[in-house]
Amino acid sequence: VALGTDKLIMVERSTRQTKLYQVATLRNGTNLLDSRWDEEKTYPSLEMLSNLVTQGITAIDKKLVFNSASELPTLDANIEGLAVLSDEFVAFINDNGFGIKGDKTRITIRKLVRQLRQ
């Protein structure tokens, strides 16, 4: 979710927890668009690398601003989306798997003033 022209909140999740990270600037990271890392055929893929620096890649800095495991353990396991509702509230939405297994779509609203204003 963009919080401006160069500030983001990113969702990172596993089946057990959801984390939100704030990226304060994109300028410090390596732009991979139109590079070999932007091509599907590249092997090994970027995700397979253990050391980005040796490839001349600088990752962006990110700061953890929310961890469901400690701050909201009742949050659905499969968070699929995030919306910033205001400078105080966010909404999480789960992945219901098309309801095939009976999972319902749920939206959870959470106050995150401290994290969003940093």
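Lys 41 counts as exposed, because its relative accessibility of 70% is over the 50% cut-off. Keep in mind that this is a predicted model. The partner of Lys 41 is Glu 39, and the closest N and O atoms of this salt bridge are 3.9 Å apart. Glu 39 has a relative accessible area of 39%, so it is partly exposed.

How many salt bridges are there by the rule used here? The count is 3.

Next is the one between Asp 76 and Arg 106, where the closest N and O atoms lie 2.1 Å from each other. This pair links distant parts of the chain, 30 residues apart. Asp 76 sits in the loop between α1 (68-71) and β4 (79-84), and Arg 106 in the loop between β5 (89-94) and β6 (107-111). Buried or exposed: which is Asp 76? Asp 76 is buried, because its relative accessibility is 10% and the cut-off for buried is under 20%. Arg 106, at 45%, is partly exposed.

That leaves Glu 12 and Lys 62, a salt bridge with its closest N and O atoms 3.1 Å apart. Glu 12 is partly exposed at a relative accessible area of 35%, and Lys 62 is partly exposed at 42%.

As background, side chains of opposite charge can pair when their charged atoms come close.

Terms used: Residues numbered from 1 in each chain as written. Predicted model: local features only at pLDDT ≥ 70, side-chain atom pairs only at ≥ 80, totals over all residues. Heavy atoms only, no water. Salt bridge = Lys/Arg side-chain N within 4 Å of Asp/Glu carboxyl O. Buried < 20%, exposed > 50% of the residue type's maximum accessible area, 1.4 Å probe, protein only. Helix = DSSP H or I, 4+ residues; strand = E, 2+ residues; numbered from the N terminus.
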